[in-house]
Amino acid sequence: MFVDTAKVLVVAGKGGDGVVSFRHEIYVDKGGPDGGDGGKGGDVIFVASEDTNTLADFRFNPELKAEPGKNGSKAKRRGKSGEDLLVKVPVGTIVWKDSEIIADLATPGQRAVVAHGGEGGFGNAHFKSSVRQAPKIAEKGEPGDTFEAELELKLLADIGLVGFPNAGKSTFLSVVSNARPEIADYAFTTLTPKLGVADVDGDSLLIADIPGLIEGASEGKGLGHDFLRHIERTAVLLHLIDSYSDDIAGSYHIIRKELESHSPELAARPEIVVLTKAEGLDEEMISMQMATLGEIVDSSVPVFAISATAHQGITEVLRAAKQQVEIVREAESRPAETEEDAQELPVIRLSDKQLSESWTVTKTDDGFTVSGEKIERFARRTDFDNPEGVSRLRNIMAKMGITHELTRRGAEGDSVVHIGGHSLTLRDDA
Ligand SMILES: Nc1nc2c(ncn2[C@@H]2O[C@H](COP(=O)(O)OP(=O)(O)OP(=O)(O)O)[C@@H](O)[C@H]2O)c(=O)[nH]1
Ligand SMILES: [Mg+2]
């Protein structure tokens, strides 16, 4: 499980102040009170988005501030509301406030108001009464919610990169994915795990790059083996070996031994062995090394020679990895056999997240239409003669963030909502 965290300060907009003002009328000494109310402060709203898969950006931009509401003005004019701040977070982000979970953004498009903007204060026009004809009081706008939120993202990488320091793990990640890890010609360049998404024939593979292992890592040598927990549940291990290594077989065995001592379960994951930096060596040399590896690895383990810098053999490795990942995930997705299995944390995988989860809401003459592959499929599978079935669909709509959007667009309890050739209302009268 790859855990990414970030701390951010969320600051919702302060409500605008109400004002004290009186009508100015020629010939009237003092007109009635006409001070308008302050506008509402903007909310800080998190939106689960597939455009991002890390919380890293928040480390550079830890303050999320929505706009304050404007003050009211004369002639009972209400101040403009502050703009909401929409913040894209990766699907699977959990938001903590004072060790309590306040939002769990599990599905694409889902929204959560994390911090509420303050209400605007009343202007003096509100305070007029029979006994108080000329009130000079107005309220201040309320402050917006302000607190430190902890974001947590648990991701299950599909592929874990393992190998000695300097084997070329980060270089591989940088070539196959959008990630930009540090790369350098010395050991322990990578100090913290990095994630990247590789596109393979239209599917995404989430790849985790971790610091290199050395002999004795399980006893704390080098950077130790703690980082292995980030790849504990990856489907496949990509074991990278520098083809310039003097002792290819020895290198292989050392890393295997460290994996074993960390966790036999991890070591039992399907493995793909990859000789790196192959562009500089002649073919004969590479074939010899491949043959050496072929003899020592299990017969089910594919062996490749690649060059990340020369882009050789990369696609082949990714395809082989994808194939293995699919086999593992398929096996994992079978119904759990024991209770313990069933209690595994729900895991977000990028490969699961097809675009089909996204949806759109459009306004129609008689109500609203919701379109989107997944929600339409649910609608088609709903028994509309059964109130409980319809309730369930409503729940799903709520979970997917659709209800929120409908309400935001003005839908009310009895507005008609069309989905996939059916229609329902939002109000649950089951
Ligand atoms: N010639 C050649 N050099 C490579 C290739 N891949 C990586 N390198 C070089 O090998 C060195 C180490 O690369 P990294 O990607 O930082 O290695 P790493 O396995 O991530 O190392 P650590 O983070 O220390 O564990 C760098 O100087 C890279 O430029 C390759 O395909 N060909
Ligand atoms: Mg590295």
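Student: How far apart do the C-alpha centres of domain 1 and domain 2 lie?
Tutor: Those two centres lie 47 Å apart. Please keep in mind that this is a predicted model.

Student: Which residues does each domain cover in the domain assignment?
Tutor: The assignment gives 2-154 for domain 1, 156-338 for domain 2 and 356-425 for domain 3.

Student: Let us turn to the sheets. In what order do S15, S16, S17 and S18 come in their sheet?
Tutor: The order is S15-S16-S17-S18, in an open sheet with mixed pairing. Strand S15 (360-363) and strand S18 (422-425) each have a single partner strand, so one side of each has no neighbour in the sheet. On average, neighbouring strands here are turned by 25° against each other, direction ignored.

Student: How many bridges join S16 to S17, and which way do the two strands run?
Tutor: Strand S16 (residues 367-371) and strand S17 (residues 416-419) are parallel and are joined by 4 bridges. Within that pairing, Val-370 has Ile-419 of S17 as its bridge partner.

Student: What lies across S16, S17 and S18?
Tutor: Helix H8 (residues 373-380) does, and it runs at about 100° to S17.

Student: Now the sheet with S2. Which strands form it, and in what order?
Tutor: It is an open sheet of 3 strands in the order S4-S2-S7, with mixed pairing. Its edge strands, S4 (85-90) and S7 (111-115), each pair on one side only. From one strand to the next, the twist averages 35°.

Student: And how do S2 and S4 pair, parallel or antiparallel?
Tutor: Strand S2 (residues 44-49) pairs with S4 in the parallel sense, over 6 bridges. One of the residues involved is Val-47, whose bridge partner in S4 is Lys-88.

Student: Changing topic to helix H3: what span should its 15 residues have?
Tutor: At 1.5 Å a residue, helix H3 (residues 248-262) should span 21 Å, and its end C-alpha atoms are 22 Å apart, which agrees.

Student: Which residues of H3 are buried?
Tutor: They are Ile-248, Ser-251, Tyr-252, Ile-255, Glu-258, Leu-259 and His-262. Viewed down the axis of H3, the buried residues fall within an arc of 130°, so they line one face of the helix.

Student: Why would residues three or four places apart point the same way?
Tutor: An α-helix has 3.6 residues a turn, so residues with that spacing point the same way.

Key. Residues are numbered from 1 along each chain as its sequence is written. Chains are lettered from A and ligands numbered from 1 in the order in which they are written. This is a predicted model: local features need pLDDT of at least 70, side-chain atom pairs count only at pLDDT 80 or more; totals for chains, interfaces and linings use all residues. Two strands pair if DSSP finds at least two bridges between them. Axes are lines fitted to C-alpha atoms, for helices over the stretch in contact, and angles run from 0 to 180 degrees between N-to-C directions. Two residues are in contact if their C-beta atoms, placed from the backbone, lie within 7 Å. Domain bounds come from an automatic or database domain assignment. The expected span of a helix is 1.5 Å times one less than its number of residues. A residue is buried if 20 or more other C-beta atoms lie within 10 Å of its own, exposed if 12 or fewer, and partly exposed in between; C-beta atoms are placed from the backbone. The arc is that of the directions from the helix axis to the C-beta atoms.
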